[in-house]
Amino acid sequence: MNVDAIMALSIEDMAVFCKKKGFVYPCSEIYGGISGFFDYGPVGVEVKNNIKQEWWKTFVTARDDMAGIDGAIISNPKVWKASGHADCFTDILVECQKCGNKVRADHMVEDALGQQTDGLSAEDLWKLIEENDLKCPKCQGPFSKPTQFNLMFKTVVGPAESESSVSYLRPETAQLIFTDFKAVVDNNRMKLPFGIAQIGKAFRNEISPRDFLFRSREFEQMEIEFFTHPKKTDECPFFSEIQDLNLNIWTSEAQEAKADHEKMHLKQLVSSKKANSWQAYWLGMMLRWFMDLGIRQENLRLREHLKDELAHYAGACFDIEYNFPFGWKEIHGNADRQQFDLSQHAKFSKKDMAVFVEETREKVVPAVATEPSQGVDRAFLAFMFDAYDDDSNRGNVVLKLHPKLAPFKAAVFPLVNKLDKEAREIHESLKQELPCFFDRSGSVGRRYARADEIGIPYCITYDFDSKKDKKVTVRNILDTKQARIEISGLKDTIRGLVNGDIAFEDLKPEKA
Ligand code: ATP
């Protein structure tokens with residue numbers, strides 16, 4: 001989809017479209033909903049599952065240096081003391097003295113003054129609020145001084161409510177990787193460098209959830225902690241695979257100079273010592289994953305964090321941003337966390353987190369050279385925006401999702417209802433292996449439109465000729481070109497098209 005078309009579609013329009021077509025619903029809407037929570041509908045859940053499967057396949061099962069876990073949502077609260085979340089996982093809140101409206105100070109300042117607030121302290125924000133006489137957007141009342149608001153949801157574990165029964169819904173999946181670290185190393189005989197990955201729910205009591213799925217209170221993450229010898233964070237043997245990727249990069253210097261991002265090769269991040277080679281490698285792998293699944297390169301960029309934004313323990317931090325209609329926004333965070341996490345858990349649990357390194361016959365606490373942290377829901381949004389095309393020629397929305405992400409890989413239609421039986425037989429056989437949709441209602445044109453709108457890449461029509469030549473017509477969503485395909489080889493053809501082993505042009509299609 002072109003950039004202008006993305007700009008024409010607002011995030012509110014996307015929310016309306018997602019609800020109408022069964023991708024995403026506001027949670028518990030029959031009771032008026034609940035701010036910051038969403039349900040994925042019948043086609044949305046398929047796309048979301050496909051995103052997670054593609055990620056897991058690419059970064060976990062297809063690699064030798066990765067193991068997966070699925071940790072619990074609620075854990076011993078000491079985890080969050082050790083990680084720093086209990087004391088420091090806060091956003092800055094200001095409250096209207098007149099109507100009690102509570103807002104996130106940095107977002108309010110960004111909205112009112114149109115300036116970036118990354119890295120500003122509570123004092124900096126308060127200065128801006130006072131200097132510019134910013135008032136409550138709801139009632140124009142004055143704000144009280146900023147306070148810190150902890151984003152973790154508290155919960156009570158067990159029947160007796162007491163101080164010791166309080167725990168938290170995890171605000172990120174990562175910490176469970178650290179607490180299970182030694183068990184995974186022992187079970188899987190992992191040797192540095194290696195990663196541990198996890199996909200799962202995370203919860204943050206965001207002060208003001210907004211922008212649909214972008215900032216919700218319950219969401220999913222796909223995270224990797226990649227561990228190396230602390231002195232070998234710059235020894236990535238796979239670096240050459242991604243070093244020549246030429247991408248939009250917004251350096252901290254460019255941000256400070258209020259300049260735009262520029263095209264740079266990933267190797268420049270390493271040669272300029274902005275990132276270690278493992279971090280640059282994983283940033284490249286993640287960007288390539290997005291592009292392989294259809295996101296246009298021009299809609300992605302890497303943003304280097306400013307010095308003020310970095311946590312005291314972080315070496316370097318980068319976000320992958322997507323060009324949403326409401327601006328370039330983070331969809332992925334990636335920090336070089338050094339030895340901070342494992343050292344903290346060693347200190348708080350009094351357990352040894354060091355591993356034995358055979359080559360040097362020493363025990364070391366590994367460094368997290370890179371922590372690729374991906375939100376599933378923000379990835380979903382980016383894929384949806386990039387795929388969305390309001391095609392004026394066709395007169396309907398065409399959702400050009402990559403076939404691997406599409407909720408159904410094919411739709412099967414009988415040309416007329418008389419051919420229903422034969423078409424159903426094809427559908428029955430296909431759906432055993434590929435998610436597949438059957439549609440016999442309305443004209444074929446209407447059925448094509450319905451399939452276009454939910455991103456079904458291939459529409460298969462059984463017509464009168466099919467009886468004679470044992471072939472069906474397959475139509476490609478991208479350009480509506482059509483090809484006649486043998487019914488006996490249909491399953492393999494569709495599978496080949498979805499996996500990218502066959503190009504639609506190989507089928508010698510005719511013009512639409
Ligand atoms: P932001 O600055 O936008 O609040 P963050 O820097 O706090 O994000 P991280 O802690 O780095 O986010 O989390 C990693 C990823 O988890 C993010 O890149 C994003 O994709 C996802 N994520 C974080 N918070 C939310 C949220 N409230 N709703 C949806 N996804 C989220």
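**Exercise 1. State where the charged end of R475 sits relative to the ring of Y448, and then describe how helix α16 is covered.**

Solution. 
Step 1. The charged end of R475 lies over the ring of Y448, at 4.1 Å from the ring centre. The criterion is that NZ of Lys or CZ of Arg is within 6 Å of the ring centre and within 35 degrees of the ring normal. This is a predicted model, in which local features need pLDDT of at least 70 and side-chain atom pairs count only at pLDDT 80 or more, while totals for chains, interfaces and linings use all residues. Residues are numbered from 1 along each chain as its sequence is written, and side-chain values use heavy atoms, with hydrogens and water left out.
Step 2. Y448 is one of the buried residues of α16, along with V444, R447, A449, A451, D452 and E453. Buried means under 20% relative accessible area, exposed over 50%, and partly exposed in between (1.4 Å probe, protein chains only). Helices (H or I, at least four residues) and strands (E, at least two) are DSSP runs, numbered from the N terminus.
Step 3. Helix α16 spans residues 444–453, and seven of its ten residues are buried.
Step 4. These buried residues pack against α2, β20 (396–399), β21, β23, β24 and β25. Contact here means heavy atoms within 4.5 Å.

**Exercise 2. Classify the aromatic pairs F17 with Y388 and Y458 with F504.**

Solution. 
Step 1. Rings of Phe, Tyr and Trp (its six-membered ring) pair if their centres lie within 6.5 Å; planes under 30 degrees apart count as stacked, over 60 as edge-to-face and the rest as tilted. The whole structure holds 31 such pairs.
Step 2. F17 and Y388 are 5.1 Å apart centre to centre with 85° between the planes, an edge-to-face pair. F17 belongs to helix α2 (residues 11–20) and Y388 to strand β19 (residues 388–391), so the pair ties together parts that are 371 residues apart in sequence. Both F17 and Y388 are buried.
Step 3. The ring centres of Y458 and F504 are 6.1 Å apart and the planes are at 5°, so this pair is stacked. Y458 is in strand β23 and F504 in the segment after α18, so parts 46 residues apart in sequence are tied together.
Step 4. Y458 counts as buried because its relative accessibility is 6%; F504 is buried too, at 7%.

**Exercise 3. Describe how helices α3 and α14 pack.**

Solution. 
Step 1. Helix α3 (residues 42–61) and helix α14 (residues 376–387) pack at about 110°, with their axes 10 Å apart.
Step 2. That angle makes α3 roughly perpendicular to α14. Angles under 35 degrees count as roughly parallel, over 145 as roughly antiparallel, 65 to 115 as roughly perpendicular and the rest as oblique.
Step 3. From α3, G44, V47, K48, I51 and K52 meet V376, D377, A379, F380 and F383 of α14.
Step 4. F383 also belongs to an aromatic cluster whose members include W55, W56 and F59.

**Exercise 4. Decide whether R204 is buried or exposed, and list its contacts.**

Solution. 
Step 1. R204 lies in the loop between β9 (194–203) and β10 (218–228).
Step 2. Its relative accessibility is 19%, so R204 counts as buried.
Step 3. Leaving aside neighbours within four places in sequence, the contacts of R204 are F89, L151, F153, P171, E172, S216, R217, F219 and Q221.

Technical notes: Axes fitted to C-alpha atoms, helices over the stretch in contact; angles between N-to-C directions.
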